[in-house]
Structure formats: structure tokens, C-alpha cells
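Here is a short briefing to read beside the sequence and the 3D view. Please keep both open as you go.

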Amino acid sequence: MKTEKWDASKQSLIKAAQLLNKQEVVAFPTETVYGLGADATSEVAVSKIFKAKGRPSDNPLIVHVHDQSQIQHYVTEISTMAQQLIEHFMPGPFTIILQSNGTVADTVTAGLDTVGIRIPDHPIGRALIQEANLPLAAPSANLSGKPSPTTAEHVYQDLYGRIAGIIDGGATGVGLESTVVDATGDIPVILRPGGVTKQQIEQVAGKVELTSSLKENQPKSPGMKYTHYEPDAPLVLIDGDQSFFQNYIHSYQQEGKKVGIIASKPLVNQLQADISYNCGSRDDLSQVAANLYYGLRYFNDTDVDIILAETYPQEGIGDAIMNRLTKAATHRYTQNKNI
């Protein structure tokens, strides 16, 4: 299959929308990461997402719609609590899980009676959904298990020849996937941390719970069961001070390995490694979040044998950062304790 790459012009959106209506798959930008979109009501179209990504069929997809009025077309009911969450966080990096009315394809929900829906806060993504006049099932536009794409070039590297086209809308903003919240019960439950923090949700809904397991047999949300976000080289988390981190760099180098590090600016400047990637200020974790996937992919174009990564406080968007790093890592060393 020839994969076309377009700019974000009106003409390109029309062409992409026409392909979506012909049951093809198209990658497009959102404020979180690039999504791989297909008609969420078509089993044929959705099956092409799974094939292109190599994604397990029991891993549900998120449905992207243009505005709040469309949500009711795909769910049985919207509780008062759910409506409050929708009004506060949509459009934005927020996905809500509600009871499905069966309109979307079974492959989207992985056979569950619930469906995840979000409204992207990106002018190009929303314009494409409106132009296609379709709900779009859209997981991240990468090969399954690899770091999510934050540029069109990342999509091209992973999925060229596997999809119909890519709309280039530049680099994404948030850089991590949406927060997923199960609103089917009386108390909202965060299934996947993301761009909207637990603290922000608590301000709207009061009590908020965190899922007790990230590996449910039948996950309601993407990112709960399978390995995700892995760069080509093994990733190891280093949870300790500068001296502790440097000792591990030297240890791996003494084994003859070329070491890459991904860390915040102050630490990168203090450490001596073979290749370094500065992912932003530790004082502003939104910078780290925005650069994290780009950093993980950065090392794929190098000859490093191992990547060592800094850890971050699990508060605010730090929850989402550590969720992604933990899933991507093969091991974690903590000062005075190995995990």
C-alpha cells in the first residue's frame, strides 16, 4: 500500500475524509499524540487499524468525536457526574468510559459493554472528524508496543506502507495519551493517567479512585494489559541521586555497552554518558511529558546498547510520565533497593 503524506490544508482534509468514508485508515494529529483513525462503526475499517499496528484484538480503542452532542449517539446514558466531567474536560486530553449502546463496532469495544469516548482539542483532528462526519476509532499511530508518535515523521517511520495516509500537523502538545476515566459507577475510576491529572478530576468529581490493576483480563482502556512504549534498546529506570545514576552508567560502559540517558536538563548536564537526551525542566513536568516519546524514539537512530532514564515524582502529570516509563522499562534500580 502506498502511504500518502499531506499538509493540513482544507484540500488534504477533504481527501483524508474521503478515504475514511471508504473504510481506509488515516493518521492525524491530536493534542496528545498522533492517532490512527478509522470509521468506528465499521468492522472492516477498524480491522485495518489492528492489522496496521499489529495490535491485540482484546485491546479496546477510543472513539473520537467532534463535539459533546455526538457522545449521546454511542452510549446508553450519561450520568450527572459523567456530564460534569465532560463539560469540564472536553475537548481535551480526557477519555470517558460509558455504557455502549452497541452502535460502534464490537472490535472497538473488544466485546465489552462499555466504550471510551473523547473529543480531541486540536483544530486539525476535530476538523477531520467533522469533514468525515464519522466517529473515529483512533489509537496512537505507531506499531503496537512502541513509543507513541508525536510527529508525522514518527508515524511515517512506523506505518509507511501499512496505512492510506498521514496528515502532518506538526509536533503534538501534551505528548502523552489522554487520561482515561471509567464513569460507569458512582465514583470515577482512573484507568490510565494522562494529560488531565487526578487532582484536576477531584476538583470536579470529589472522590476519585485509581484502578487496582494495570493488567486486567479484559481491560476497559488501552494501556492496561500489554507492553507499551518500548524503544529499540532496553530501558532501565534509575531512581536515585546523580552519583547513583553515574555509577550505573560506568557499570554498563565497563561491560562494553554504549549508554544513552534520557533525563531532565540539570541531570543531563551533570552526567557523563555516550549519548544524552534532554527532555526538559524537572521543575515543569509538562515539558518532560511533551518530550518523553520523542526522547525514547531519539535513541532508535543511534547505536546505544542500553538507555538509562531518570524517574520523577508521581504527582500531577508525573503520574502519567511514570506510568509510561514503568511500562517501557525492563528494570528499575532504586537507591538502596532494587525493584
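This is a predicted model: local features need pLDDT of at least 70, side-chain atom pairs count only at pLDDT 80 or more; totals for chains, interfaces and linings use all residues.

Residues are numbered from 1 along each chain as its sequence is written, and side-chain values use heavy atoms, with hydrogens and water left out. Helices (H or I, at least four residues) and strands (E, at least two) are DSSP runs, numbered from the N terminus.

**The sheet**

- An open sheet of 11 strands runs in the order β1-β8-β2-β3-β7-β4-β6-β5-β9-β10-β11, with mixed pairing; two strands pair if DSSP finds at least two bridges between them.
- Its edge strands, β1 (4-6) and β11 (209-210), each pair on one side only.
- Within it, β2 (residues 26-28) and β3 (residues 35-39) pair in the antiparallel sense over three bridges, and Phe28 stands opposite Gly35 in β3.

**Helix α11**

- Nine of the 11 residues of α11 (residues 318-328) are buried, where buried means under 20% relative accessible area, exposed over 50% and partly exposed in between (1.4 Å probe, protein chains only).
- Among the buried ones are Ile321, Met322, Arg324 and Leu325.
- Their cover includes β10 (189-192), β12 (235-239), α10 (285-298), β15 (306-310) and β16 (331-334).

**His122**

- His122 is found in the loop between β6 (114-118) and α5 (123-132), and is buried at a relative accessible area of 12%.
- Leaving aside neighbours within four places in sequence, His122 is in contact (heavy atoms within 4.5 Å) with Pro29, Thr30, Glu31 and Gly169.
- A polar atom of the His122 side chain lies 3.1 Å from the backbone nitrogen of Ile124.

**Aromatic residues**

- The whole structure holds eight aromatic pairs; rings of Phe, Tyr and Trp (its six-membered ring) pair if their centres lie within 6.5 Å, with planes under 30 degrees apart counted as stacked, over 60 as edge-to-face and the rest as tilted.
- Tyr156 and Tyr160 form a tilted pair, 4.9 Å centre to centre with 45° between the planes.
- Tyr156 is partly exposed at 30% relative accessible area, and Tyr160 is partly exposed at 44%.
- Tyr277 and Tyr298 form a tilted pair, 5.3 Å centre to centre with 45° between the planes.
- That pair links distant parts of the chain, with Tyr277 in strand β14 (residues 275-278) and Tyr298 in helix α10, 21 residues apart.
- Tyr277, Tyr294, Tyr298 and Phe299 form one aromatic cluster.

How values were computed
A polar contact is a pair of N or O atoms within 3.5 Å; within protein, one must be able to donate a hydrogen and the other to accept it, and residues adjacent in sequence count only if both atoms are side-chain atoms.
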